[in-house]
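Subject: Structure handover and findings

Dear colleague,

Please find below the structure that I am handing over to you. My notes on it come after the model.

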Amino acid sequence: MARRDPEIRIGGDVQGQLVVGDSNHVISGTDDTGPARPGPGGRTYPGPSVHNTIICVDVAKFSDPHRTVPHQVAVREGLYRALNTAFSRCGVDWADCYREDRGDGVLILVPSDIPKALLSAGLPPALAAALDEHNQVHTEESRIRLRLAFHAGEVRHDAHGATSAALNHAFRLLEAPALKEALDASTGVLAVIASDWFFEEAIQHDPASGPGLYRRAEITVKETEAFAWIRPPSLYLTRPTRPY
């Protein structure tokens, strides 16, 4: 009787590893067989999950009917310019960060070797100032008011982008009604929300990040129910901006 080669499959006692046949013999460290993915700054993103600081931003009312396509283009150009400027001002190289465009927003993954305090303390005021600079020289339809979410966690890259439970959580925070209401109730340009983990591990231990300026909120978005921390937009306002 001819010998049958063992079947290679994903599963077994070790999650995410390759196993052979019924013996669950591990033959590879991970189940990632795809090519490494190059990213900004020449970095290579392999298959296994890596820890990142997660930053998501979303433009408020981007698809408002008063915004024409040229207005939307001006908003997107202004958003990327403001982000680049803000990261530079708080001492983080924009080119070192992984980025995914989301149409009316951006996903930004910051390498784990960059201190989170640089971001929690420096990014919100620097970004608010950069947005204000944009808004001063643009008409109402091309002005930007922004929501930003801070989180951190393991992220996995593949040939198509990035995915993880931590990313899902960050985007849920960005869509939190309490965050949208905070921005709508203010004439400020930036509303910030931090995950409970990010606040407890980074913000509350750094006086420069202004932990006393955040208020705790209960967030319910789709399947996500969690606590988070919101910093009122008015604390970043440099001059009155008519809410769009």
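This is a predicted model: local features need pLDDT of at least 70, side-chain atom pairs count only at pLDDT 80 or more; totals for chains, interfaces and linings use all residues.

Residues are numbered from 1 along each chain as its sequence is written, and side-chain values use heavy atoms, with hydrogens and water left out.

Confidence

The pLDDT, which is the predictor's confidence in each residue from 0 to 100, has a mean of 82 over the chain, and 76% of the residues reach 70 or more. Over residues 1–41 the pLDDT is below 50, and this stretch has 65 contacts in the model beyond near neighbours in sequence; contact means heavy atoms within 4.5 Å. Residues 237–244 also have pLDDT under 50, and the model has 21 contacts for them beyond four places in sequence.

Helices (H or I, at least four residues) and strands (E, at least two) are DSSP runs, numbered from the N terminus. A residue is buried under 20% relative accessible area, exposed over 50%, and partly exposed in between, with a 1.4 Å probe and protein chains only.

Two strands count as paired if DSSP finds at least two bridges between them. E8 runs antiparallel to strand E6 (residues 50–59), to which 7 bridges join it. Strand E7 (residues 98–101) is also antiparallel to E8, with 4 bridges. Ile108 of E8 is the bridge partner of Ile55 and also of Arg99. Asp101 stands opposite Val106 in E8. The hairpin of E7 and E8 has 3 residues between the strands, and Gly103 there takes a positive phi near 80°. E7 itself has a covered face, made of Tyr98 and Glu100, and an uncovered one, made of Arg99 and Asp101.

Nonpolar cores

A nonpolar core is a set of buried Ala, Val, Leu, Ile, Met, Phe, Trp, Tyr and Cys residues joined through side-chain atoms within 4.5 Å. The largest has 40 residues, of which Ile55 and Phe87 touch the most other members. At least two residues of this core come from each of E6, helix H1 (69–89), E8, helix H2 (116–136), strand E9 (146–158), strand E11 (190–195) and helix H5 (196–203). H2 gives the most, with 7 residues. Leaving aside neighbours within four places in sequence, the contacts of Ile55 include Phe87, Ile108, Leu119, Leu123 and Phe150. A second, separate core of 27 residues includes Ile54, Leu173, Leu183 and Ile230.

Salt bridges

With a salt bridge defined as a side-chain nitrogen of Lys or Arg within 4 Å of a carboxyl oxygen of Asp or Glu, the count comes to 8. In one of them, Glu133 and Arg89 meet at 3.1 Å, N to O. Glu133 lies in helix H2 and Arg89 in helix H1, so this pair ties together parts that are 44 residues apart in sequence. Glu133 is partly exposed at 40% relative accessibility, and Arg89 is partly exposed at 46%.

Arg216 forms a salt bridge with Asp196, with the closest N and O atoms 3.7 Å apart. This pair links distant parts of the chain, Arg216 being in strand E12 (residues 215–221) and Asp196 in helix H5, 20 residues apart. Arg216 is partly exposed, at 45% relative accessibility.

The side chains of Glu175 and Lys180 meet in a salt bridge at 2.9 Å, N to O. Both belong to a network of salt bridges that links Asp58, Arg147, Glu175 and Lys180. Glu175 is partly exposed, with a relative accessible area of 32%, and Lys180 is partly exposed, with 31%.

Val221

Val221 lies in strand E12 and is buried, with a relative accessible area of 11%. Not counting residues up to four places away in sequence, Val221 touches Arg172, Glu175, Ala176 and Pro177. The C-alpha atoms of Val221 and Arg172 are separated by 5.9 Å, although the two residues are 49 residues apart along the chain.

With kind regards
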